[in-house]
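Work through these exercises with the sequence and the structure open. Try each task before reading its solution.

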Amino acid sequence: MRTLFLNNEILIKELSYGNEKALEYLMDNFHQPLCAYASSLCHDHDTSKDIVQNVFIRLWVKRKEIKDIRSIKDF
(Lines give C-alpha, C1' and ligand atoms only; values in the text may rest on other atoms or scores of the structure.)
Protein backbone atom coordinates (compact mmCIF):
# COMPACT_ATOMS: atom_id res chain seq x y z
CA MET A 1 0.00 0.00 0.00
CA ARG A 2 2.83 2.42 0.82
CA THR A 3 4.20 2.28 -2.71
CA LEU A 4 0.88 3.59 -3.99
CA PHE A 5 1.63 6.90 -2.30
CA LEU A 6 4.90 7.44 -4.12
CA ASN A 7 2.88 9.14 -6.85
CA ASN A 8 2.14 12.68 -5.68
CA GLU A 9 -1.23 12.89 -7.44
CA ILE A 10 -2.48 9.66 -5.88
CA LEU A 11 -1.25 10.73 -2.45
CA ILE A 12 -3.09 14.05 -2.65
CA LYS A 13 -6.26 12.39 -3.98
CA GLU A 14 -6.25 9.72 -1.28
CA LEU A 15 -5.60 12.29 1.41
CA SER A 16 -8.46 14.47 0.18
CA TYR A 17 -10.74 11.40 0.26
CA GLY A 18 -9.86 10.89 3.92
CA ASN A 19 -7.54 7.91 3.56
CA GLU A 20 -5.81 7.73 6.94
CA LYS A 21 -3.01 5.61 5.44
CA ALA A 22 -2.11 8.58 3.23
CA LEU A 23 -1.78 10.79 6.31
CA GLU A 24 0.25 8.09 8.03
CA TYR A 25 2.55 7.93 5.00
CA LEU A 26 3.05 11.71 5.14
CA MET A 27 3.80 11.65 8.84
CA ASP A 28 6.24 8.76 8.48
CA ASN A 29 8.12 10.49 5.66
CA PHE A 30 7.93 14.18 6.55
CA HIS A 31 7.67 14.48 10.33
CA GLN A 32 11.39 14.33 11.08
CA PRO A 33 12.53 16.65 8.26
CA LEU A 34 9.79 19.15 9.13
CA CYS A 35 10.78 19.08 12.81
CA ALA A 36 14.39 19.73 11.86
CA TYR A 37 13.37 22.64 9.63
CA ALA A 38 11.04 24.14 12.25
CA SER A 39 13.73 23.74 14.89
CA SER A 40 16.20 25.63 12.72
CA LEU A 41 13.74 28.54 12.67
CA CYS A 42 12.55 28.62 16.27
CA HIS A 43 15.57 27.01 17.97
CA ASP A 44 13.37 25.00 20.34
CA HIS A 45 12.83 21.27 19.93
CA ASP A 46 9.48 21.10 21.76
CA THR A 47 8.07 24.11 19.93
CA SER A 48 9.15 22.69 16.58
CA LYS A 49 7.35 19.41 17.35
CA ASP A 50 4.20 21.37 18.27
CA ILE A 51 4.40 23.35 15.03
CA VAL A 52 4.74 20.21 12.93
CA GLN A 53 1.90 18.51 14.79
CA ASN A 54 -0.30 21.52 14.07
CA VAL A 55 0.63 21.35 10.39
CA PHE A 56 -0.49 17.73 10.17
CA ILE A 57 -3.70 18.45 12.09
CA ARG A 58 -4.50 21.40 9.82
CA LEU A 59 -3.73 19.31 6.74
CA TRP A 60 -6.14 16.61 7.92
CA VAL A 61 -8.88 19.10 8.82
CA LYS A 62 -8.56 20.84 5.45
CA ARG A 63 -7.92 17.66 3.43
CA LYS A 64 -10.93 18.24 1.15
CA GLU A 65 -9.49 21.59 0.11
CA ILE A 66 -6.09 20.32 -1.05
CA LYS A 67 -7.21 18.89 -4.40
CA ASP A 68 -5.55 21.74 -6.30
CA ILE A 69 -2.13 21.27 -4.69
CA ARG A 70 0.41 20.00 -7.20
CA SER A 71 3.15 18.97 -4.78
CA ILE A 72 2.60 17.80 -1.22
CA LYS A 73 6.23 18.59 -0.41
CA ASP A 74 5.77 22.21 -1.49
CA PHE A 75 2.60 22.43 0.57
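**Exercise 1. The salt bridges**

Is K62 buried, partly exposed or exposed?

Solution. The model is a predicted one.

Step 1. Take the relative accessible area of K62, which is 29%. Buried requires under 20% and exposed over 50%. K62 is therefore partly exposed.

Step 2. Look for the partner. K62 forms a salt bridge with E65, with the closest N and O atoms 3.7 Å apart. The cut-off is 4 Å.

Step 3. Classify E65. Its relative accessibility is 58%, so E65 counts as exposed.

Step 4. Count. The rule gives two salt bridges. K21 and E24 also form one, and their closest N and O atoms are 3.8 Å apart.

Step 5. Classify them. K21 has 45% relative accessibility, so it is partly exposed. E24, with a relative accessible area of 35%, is partly exposed.

**Exercise 2. The aromatic pair**

Which geometry class describes the rings of F5 and Y25: stacked, tilted or edge-to-face?

Solution. 

Step 1. Read the geometry. The ring centres of F5 and Y25 are 5.6 Å apart and the planes meet at 50 degrees, so the pair is tilted.

Step 2. Locate the two residues. F5 sits in the segment before helix 1 and Y25 in helix 2, so the pair ties together parts that are 20 residues apart in sequence.

Step 3. Check burial. F5 and Y25 are both buried.

**Exercise 3. The largest pocket**

Which residues lie nearest the centre of the largest pocket, and how many residues line the pocket?

Solution. 

Step 1. Start with the volume. The largest pocket holds about 380 Å³ of space.

Step 2. List the lining. There are 15 lining residues, and F30, L34, V55, K73 and F75 lie nearest the centre.

Step 3. Assign elements. Helix 2 (20-42) and helix 3 (45-61) are the elements that give two or more residues to this lining.

Step 4. Find the largest share. Helix 2 supplies it, with seven residues.

Step 5. Sort by class. The lining has 14 nonpolar residues, no polar ones and one charged residue.

**Exercise 4. A backbone angle**

What is the phi of H43, and where in the chain is the residue found?

Solution. 

Step 1. Read the angle. H43 has a positive phi of about 60 degrees, although it is not a glycine.

Step 2. H43 lies in the loop between helix 2 and helix 3.

Step 3. Classify H43. At 68% relative accessibility, it counts as exposed.

Methods:
Residues are numbered from 1 along each chain as its sequence is written. This is a predicted model: local features need pLDDT of at least 70, side-chain atom pairs count only at pLDDT 80 or more; totals for chains, interfaces and linings use all residues. Side-chain values use heavy atoms; hydrogens and water are left out. On a 1 Å grid over the protein atoms alone, a cavity is a set of points where a 1.4 Å probe fits but cannot get out, and a pocket is an open set with protein on both sides within 12 Å along at least five of seven lines; lining residues have an atom within 4 Å of a point. Grid points are joined across faces, edges and corners, and a volume is the space filled by probe spheres set on the points. Helices (H or I, at least four residues) and strands (E, at least two) are DSSP runs, numbered from the N terminus. Ala, Val, Leu, Ile, Met, Phe, Trp, Tyr, Cys and Pro count as nonpolar, Asp, Glu, Lys and Arg as charged, and the others, Gly among them, as polar. A salt bridge is a side-chain nitrogen of Lys or Arg within 4 Å of a carboxyl oxygen of Asp or Glu. Buried means under 20% relative accessible area, exposed over 50%, partly exposed in between (1.4 Å probe, protein chains only). Rings of Phe, Tyr and Trp (its six-membered ring) pair if their centres lie within 6.5 Å; planes under 30 degrees apart count as stacked, over 60 as edge-to-face and the rest as tilted.
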